[in-house]
Amino acid sequence: MLEITFDLDHRSGEPLYIQLYNFFKNEIQVGKIEPGEKLPSKRKLALHLGVSQNTIETAYEQLLAEGYVESVERKGIYVKELNRDLFLHVTDVPNTTKEIYEESREQYLFDFSQGNIALEHFPYSIWRKLTIHSLYEEQSSYFLNGEPQGELPLREEIAKYLYQSRGVRCSANQIIIGAGTQYLIAFLTMIIGRDAIYSMEEPGFHRTRDAFKDQGVTLKPIPLDQDGIEIKHLYDSNANVTYVTPSHQFPNGMVMPITRRMELLKWAEEKERYIIEDDYDGEFRYKGKPIPSLQGLDNNGKVIYLGTFSKSLIPSIRISYMVLPNSLLEKYSQHFTIYKQTVSRLHQHTLWQFMFNGHWERHLNKMRTVYRKKQNTLISSIEKYMGRQATIIGEDAGLHILLSLQNHMSEIELIERAKEKKVKVYPTSVYYENDHPDQKPMILLGFGGLTENQIELGIRLLKEAWEMKK
């Protein structure tokens, strides 16, 4: 039986089942009782603590109702795997916001996370078949270290895909595969040099900001206007390198127009400067024709292109890639091939088969339709339940939108009120390096991991939580 070191206080006036419920809840939240662990049977725990089985049953029922545990027929009650919050590692947000987001194991009915995807549409059977095929095809070779840049067949498929879909012009030799964008950002700072002055969009993705900071580089925030990063401020910063998300700015969602892209390329051409183009969800665009990537417009070798399979396939596969211009590729080849490849060769080979046999293209086409429908449901639900009191921002592409609200609530109040309805929404203040006291509160809503029915129900609950009238 699970060791329970807990003394019930019979004189406190608090019901015994509440004391027991709070004990288990706290132990689960801090990780002392781990996911998958079986709780003691009601009979054994009642004997151990000297209470009735009804007390144990009532405490367990409360844990079940709140989602901390699950009942498996004929086996018992087990602790569930609970999601950790996206913002646990943010260090530059107000304490009050931190306190809200450090409740890492709080259970919600609906989670509008921008990091979740439609897992129900992942082609499990095809992926399983290809993984088994990869194991049996050349068992011995895939258990050894591969090429530092990643498997050549996969890099060749990525190069073909990028040219056809994003206009990226590169050879397989320019591609380096790595376990996530943060890893590649850290690797880039070594290749470019830590003495360079780096910059990025303000607001911008906090995990990228932290990756730069962890490398000890000088990092300057550059404000945005309606077209993206402001070029004048970029010149004034004296930066040598800038990180941008032009296909779908994170988090504001604007798509950088061709005129701003050309201005940005001109900035890079004038001196020894580089642009890091992160095309993290460029596959999903809902309005107009795709705009060519910055890399595809670059004739001077100034753009480093970053891509990932986390949004378009599954996050856990941890396969991202970067396309280096020839000047940096030469530097990499001379000094950095000593670093071994960080992505499993088995996963790389499976992904190569997935792309080579046409499954990737079919999957993308399917997911574009799925996400377009989900986004339409999200927008129509907001219009239906919130009307003119809500303004939608950044709906042209990607798997999230921003919501600006005219109900006089602060960001923290909006999040707390949503929490009372068991709906999880996300702040935008964490994406700013500097304080913006004049910034109207905005909430980030991701929709990839929710069904259309869940999206509408979630928005209806938010309307009630935020006391909004249509």
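Student: Which residue forms a salt bridge with Glu-120, and how far apart are the closest N and O atoms?
Tutor: The structure is a predicted model. In this model Glu-120 pairs with Lys-374 in a salt bridge, and the closest N and O atoms are 3.4 Å apart.

Student: Where in the chain do the two partners sit?
Tutor: Glu-120 belongs to the loop between strand S3 (110-111) and helix H5 (124-137), while Lys-374 is part of helix H14 (residues 359-386). The two are 254 residues apart, so the pair links distant parts of the chain.

Student: Is Lys-374 buried or exposed?
Tutor: Lys-374 is buried, since its relative accessible area is 3%. Glu-120, at 47% relative accessibility, counts as partly exposed.

Student: What can bring such side chains together in general?
Tutor: Side chains of opposite charge can pair when their charged atoms come close.

Student: How many salt bridges does the count come to?
Tutor: The count comes to 15 salt bridges. One of them joins the side chains of Asp-279 and Arg-166, at 2.6 Å from N to O.

Student: Which residue pairs with Glu-263?
Tutor: Glu-263 forms a salt bridge with Arg-260, in which the closest N and O atoms are 3.1 Å apart. Both residues lie in helix H10 (residues 258-270), three residues apart, which is about one turn of the helix. Glu-263 is partly exposed because its relative accessible area is 39%, whereas Arg-260 counts as buried at 10%.

Student: Which residues are joined into one network?
Tutor: Glu-202, Arg-209, Lys-213 and Glu-433 are joined by salt bridges that share partners.

Student: Let us change topic to helix H14. What angle do the axes of H14 and H16 make?
Tutor: The axes of H14 and helix H16 (residues 452-465) cross at roughly 25° and come within 9 Å. H14 is therefore roughly parallel to H16. The crossing is right-handed.

Student: Which residues of H14 and H16 meet there?
Tutor: Among them are Lys-374, Leu-378 and Ile-382 of H14, and Ile-455, Ile-459 and Arg-460 of H16. By class, this contact has seven nonpolar, two polar and seven charged residues.

Student: What does Leu-378 touch, leaving out residues up to four places away in sequence?
Tutor: Leu-378 touches Phe-112, Ile-401, Leu-445, Phe-447, Ile-455 and Ile-459. Leu-378 counts as buried because its relative accessibility is 0%. Leu-378 and Ile-459 are 81 residues apart in sequence, yet their C-alpha atoms are 7.7 Å apart in space.

Student: And at what angle do H6 and H13 pack?
Tutor: Helix H6 (residues 152-166) and helix H13 (residues 345-356) pack at an angle of about 40°, and their axes are 9 Å apart. These helices are therefore oblique to each other, and their crossing is left-handed.

Student: Which residues make the contact?
Tutor: H6 contributes Pro-153, Leu-154, Glu-157, Ile-158 and Tyr-161, and H13 contributes Gln-348, Leu-351, Trp-352, Met-355 and Phe-356. By class, the contact has eight nonpolar, one polar and one charged residues.

Definitions and conventions. Residues are numbered from 1 along each chain as its sequence is written. This is a predicted model: local features need pLDDT of at least 70, side-chain atom pairs count only at pLDDT 80 or more; totals for chains, interfaces and linings use all residues. Side-chain values use heavy atoms; hydrogens and water are left out. Axes are lines fitted to C-alpha atoms, for helices over the stretch in contact, and angles run from 0 to 180 degrees between N-to-C directions. Helices (H or I, at least four residues) and strands (E, at least two) are DSSP runs, numbered from the N terminus. Angles under 35 degrees count as roughly parallel, over 145 as roughly antiparallel, 65 to 115 as roughly perpendicular and the rest as oblique. A crossing is left-handed if the near helix is turned anticlockwise from the far one by less than a right angle, and right-handed if clockwise. Contact means heavy atoms within 4.5 Å. Ala, Val, Leu, Ile, Met, Phe, Trp, Tyr, Cys and Pro count as nonpolar, Asp, Glu, Lys and Arg as charged, and the others, Gly among them, as polar. A salt bridge is a side-chain nitrogen of Lys or Arg within 4 Å of a carboxyl oxygen of Asp or Glu. Buried means under 20% relative accessible area, exposed over 50%, partly exposed in between (1.4 Å probe, protein chains only).
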